[in-house]
Amino acid sequence: ETLAAGGGTLGTECSTASGTTDCTFTGIAAGTKLIIITLDGVSMDITSSVMVVLGDSGGFEGSAYVHLTQMYNSTGPAISSYTQTGAFLLFRPQAADIMYGQVILSLMDSTNNQWGCTGQWKLTNTIMATVAGTKSLSGELTQVKCEIGGPDDWDGGSINIVSYT
């Protein structure tokens, strides 16, 4: 980890060309209020989605995520909408799609460790997607994981985070 512009802490970049199925960022500092996740050329070998999972000192939490993910094409309104409760879903509809964008996690309420999530990413030259939602943790956030939601492997790009206290 290194100091990023504006006093943030830059995580260790995770290569998504490695054939693995997740990128885990641990050791997030106590008192963190903002995390920016950057997806740079992320791709997978078959059709799956990237999921953002939050965790505290007790581990990753796989339930009670409230969110909506929508895809848009360049000619108009939403073409698809998705929800699930096990993670924040960053949908990717086809194996050829390459993801570029950011997901922002912000602390909304420190008494119940409630985090807000918003993000946008480009999939192709004509399709982009967005996510918005919330998740309360059982303790203070200490880790974030980007994982693949299916029997797939990363085959290109990288993911990193910057966190701010």
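Good morning. Please keep in mind throughout that we are looking at a predicted model.

I shall begin with strand S11, which covers residues 99-109. Its partner on one pairing is strand S12, residues 114-122, and the two run antiparallel, with 9 bridges between them. S11 and S12 form a hairpin with 4 residues between the strands. In that hairpin, asparagine 113 adopts a positive phi near 50°.

Let us now follow the chain onward. Which strand is joined to S12 by 9 bridges? That strand is S13, residues 127-136, and the pairing is again antiparallel. Here lysine 122 has methionine 128 in S13 as its bridge partner. S12 and S13 also make a hairpin, and 4 residues lie between these two strands.

Finally, I return to S11 and a further pairing. Strand S5, residues 34-44, is joined to S11 by 8 bridges, and these strands too are antiparallel. Within this pairing, leucine 34 is found opposite serine 106 of S11.

To summarise, S5 pairs with S11, S11 pairs with S12, and S12 pairs with S13. Thank you for your attention.

Definitions and conventions: Residues numbered from 1 in each chain as written. Predicted model: local features only at pLDDT ≥ 70, side-chain atom pairs only at ≥ 80, totals over all residues. Heavy atoms only, no water. Pairing = 2+ DSSP bridges.
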